[in-house]
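Please read these notes with the structure open beside you.

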Amino acid sequence: MRKFLAAGVIALSTSVAGGAFAEPVKIGMITTLSGGGAGLGVDVRDGFMLALKQAGNSEVELIVEDDARKPELAVQIADKMIQSDKVDILTGIIWSNLAMAVVPNAVNQGTFYLSPNAGPSALAGANCNKNYFNVAWQNDNLHEAAGAYAAEAGYKKVFIMAPNYPAGTDALTGFKRFYEGDLANEVYTKLGQTDYAAEIAQIRASGADAVFFFLPGGMGIAFMKQYAQSGVELPLVGPAFSFSQDILGAVGDAAIGVKNTSQWSKDIDNDTNKAFVETFQAEYGRLPSLYASQGFDTANLILSAAAKADVKDQDAFRAALKEADFSSTRGDFAFASNHHPIQDIYVREVIKEGDTLTNKIVGVALEDHQDAYAAECKM
């Protein structure tokens, strides 16, 4: 898929926040729009495009292409966007293994990369880069919050599980950083796996008093359905990725009551978030997910920077990005020294509103939280 949103399509006019773009900002979005996990990429894309539409006066050219969750394809698309399309900014990647394949080479060529999702630890610490900004979180963060919640809830022996790829290892590392009890077992599954009979048997035999799992997209749907049918009744804890709005309908009532952690929720009480939830639902006919909120925030960050500085003046544009002078769906938003967010992370509970499964905030797990790798970043 290749989509252009040029001047006449986005209804461009004069300025944003009192500034004017010296020339169009050219953005390449590489995201997952087909195959497993496509819903995540669709939500990032739709949130991003909603922000551009609402701005209505930003001179932006957006190119969208589908990576099909294949690292080699993502690399090919990135090379073409940088070398042939001459994009100023790349964004959109969902999966950390794809980010690790694309981002280091892109930023070293002088292209900005703004992540609306993947935040591998390798890019937050020693391999940070002045042209890399993460607008979502560092991979460990929501899992650290889940570990803090599990400790506060009094769980003593948790079974933990995640896919065997960079975000999966970051997930379990993050959980263990804040969890204070023992582990019943630590299991890494195959990325894209859909049969969890063996893992559920391990959970049943483990003596655990709770289960923490990170299985985004279709993996989480498959696990939750099989877990509900298994008769195992241990409480589940997860990050928002496994209980995001985009998959709750597929999971069904088995998710009700499960606690999960997120930096965003549709009930965060600020004007920007309220308007975002309302307008996203009106535009697309569904409630937004955290991925949609991250796409929306990423676009608005770019627009705020482009109103202050010409993207071709990289030092000035970089400084404008770092100011993060935009209204976030999360409320307070700031970058740490490694260009990753400092933000609150909430505990949510899956509930049913009428016929719709969704989440509500029930507490704050971590306040003004900064990732553990910032000290290793020497920008």
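1. Domain 1 and domain 2 bury about 1700 Å² between them, and 68% of that area is on carbon and sulfur atoms. The size of an interface is often given as the accessible area lost when the parts come together. Keep in mind that the model is predicted.

2. Which polar links join the two sides? Between domain 1 and domain 2, one residue pair is in polar contact, with both residues at pLDDT 80 or more.

3. On the side of domain 1 that touches domain 2, the elements giving two or more residues are α1 (38-55), α3 (96-108), α4 (121-124) and α11 (290-306). The largest share comes from α1, with three residues. By class, this side of domain 1 has eleven nonpolar, seven polar and two charged residues.

4. In terms of contacts, 20 residues of domain 1 meet 25 residues of domain 2.

5. How confident is the predictor in the chain? The mean pLDDT is 92, and 94% of the residues reach 70 or more. Residues 1-20 stay under 50, although the model has 50 contacts beyond four places in sequence for them. Where pLDDT is low, the predicted coordinates should not be read in detail.

Definitions and conventions
Residues numbered from 1 in each chain as written. Predicted model: local features only at pLDDT ≥ 70, side-chain atom pairs only at ≥ 80, totals over all residues. Heavy atoms only, no water. Contact = heavy atoms within 4.5 Å. Buried area = accessible area lost by both parts, 1.4 Å probe. Polar contact = N/O pair within 3.5 Å; in protein donor to acceptor, adjacent residues only side chain to side chain. Helix = DSSP H or I, 4+ residues; strand = E, 2+ residues; numbered from the N terminus. Nonpolar A, V, L, I, M, F, W, Y, C, P; charged D, E, K, R; others polar. pLDDT = per-residue confidence, 0-100.
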